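Reader: I would like to learn how to read charged and aromatic contacts in a protein model. Could you take me through them step by step?

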Amino acid sequence: MHRLSRDGGHRHPCLRDRSPADAFDPALLAHTGDARHAAFLTAADVVVHDAQYGTADYPTKAGWGHSTVEYAVDIALASRVKTLVLFHHDPDRDDSGVDDLLAVAESRVEASKRPLRVVAAAESEELLLTEGTYARTTDVEPAPAAMPERARIIVADDDVALVRILEAVLRGDGYDVDVAFDGEELLSKAAAVHYDLALVDIQMPNLDGLTACRRLRALDGYRDTPFVVLTARTRQDDMATAFEAGITDYIRKPFALAQVRARVRSWLARGAARRV
């Protein structure tokens with residue numbers, strides 16, 4: 001049995017304040033919503049659970065709709081889960097930070113004296129589940145993501161300083177990068193050279209990013225190209241308009257460079273996988 005959960009939790013910790021450190025009876029859960037969550041996960045072989053934050057992050061993130069690692073572990077322990085997979089890592093957290101949260105989870109399990117295996121999800125990682133009374137869950141090492149041999153990216157934004165930073169960072173990641181400072185320049189360069197991915201601002205002089213995207217989407221070579229918007233326009237109707245224009249992904253300004261790098265890699269890998 002495999003369950004996926006993105007429950008944000010009602011309380012942290014989810015157990016009642018006076019519960020012993022090694023007591024994980026579902027009856028001790030502090031909120032009826034947590035009890036329902038635990039019942040849903042009961043005795044699952046594998047649970048893939050949102051764990052974007054740690055306890056130290058949560059005071060400034062409460063209400064954002066994500067769980068802490070500690071919450072995910074406690075719910076899994078109360079539910080007698082066999083394997084817990086932590087996913088939806090914070091885009092600002094690097095590999096070392098994920099390892100630190102995994103160590104927190106493992107120490108929490110050890111203190112509980114209950115059997116629970118915890119895994120931090122990684123790109124392209126697989127879990128193989130066998131069936132039967134003595135079913136086991138086996139890790140398969142992440143396979144290298146399929147990537148274009150030398151991906152070509154265009155960054156279009158009228159913020160010169162931001163464009164230059166993205167240009168330097170993405171070139172450092174091994175991509176060929178061109179830049180444009182308005183929508184007309186984006187169209188001109190995209191007509192001369194095919195790009196594997198475009199990072200586009202919405203508000204630009206001469207021609208806005210969404211209009212440029214619509215025009216490029218009408219061309220055969222750009223029907224499936226990832227167009228990722230970088231913008232401070234974050235209202236729901238702005239996002240809906242962007243997706244209707246053919247935008248693939250939406251990154252809100254201000255953003256972390258690690259977030260952009262991860263999204264770029266992910267979209268390039270998806271595009272390469274489709275062509276295999």
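Author: Let us begin with a definition: a salt bridge is a side-chain nitrogen of Lys or Arg within 4 Å of a carboxyl oxygen of Asp or Glu. In this model, which is predicted, Asp 157, Asp 201 and Lys 253 are linked in a network of such bridges.

Reader: How many salt bridges does the structure hold?

Author: There are twelve salt bridges in the structure. In one of them, the side chains of Asp 249 and Arg 263 meet at 3.0 Å, N to O. Because Asp 249 lies in strand S11 (residues 249–252) and Arg 263 in helix H8, this pair ties together parts that are 14 residues apart in sequence.

Reader: Is Asp 249 buried or exposed?

Author: Residues under 20% relative accessible area count as buried, and Asp 249, with 13%, is therefore buried, whereas Arg 263, at 26%, counts as partly exposed.

Reader: Which residues gather in a patch of negative charge on the surface?

Author: That patch is formed by Asp 94, Asp 95, Asp 99 and Asp 100. Asp 99 is found in helix H3 (residues 95–112) and is partly exposed, at 48% relative accessibility.

Reader: And how should I read a pair of aromatic rings?

Author: A pair of aromatic rings is described by the distance of the centres and the angle of the planes. A search of the whole structure finds two aromatic pairs. The rings of Phe 243 and Tyr 250 have centres 6.1 Å apart and planes at 45°, so this pair is tilted. Phe 243 is partly exposed, with a relative accessible area of 40%, while Tyr 250, at 7%, counts as buried.

Methods: Residues numbered from 1 in each chain as written. Predicted model: local features only at pLDDT ≥ 70, side-chain atom pairs only at ≥ 80, totals over all residues. Heavy atoms only, no water. Patch = residues over 30% accessible without salt bridge, like charges linked within 9 Å, V, L, I, M, F, W, Y side chains within 5 Å. Areas by Shrake-Rupley, 256 points an atom, 1.4 Å probe, with all protein chains shown as cover. Lys, Arg positive; Asp, Glu negative; His and termini not counted. Charge placed at Lys NZ, Arg CZ, Asp CG, Glu CD. Helix = DSSP H or I, 4+ residues; strand = E, 2+ residues; numbered from the N terminus. Buried < 20%, exposed > 50% of the residue type's maximum accessible area, 1.4 Å probe, protein only. Phe/Tyr/Trp six-rings, centres within 6.5 Å; stacked < 30°, edge-to-face > 60°.
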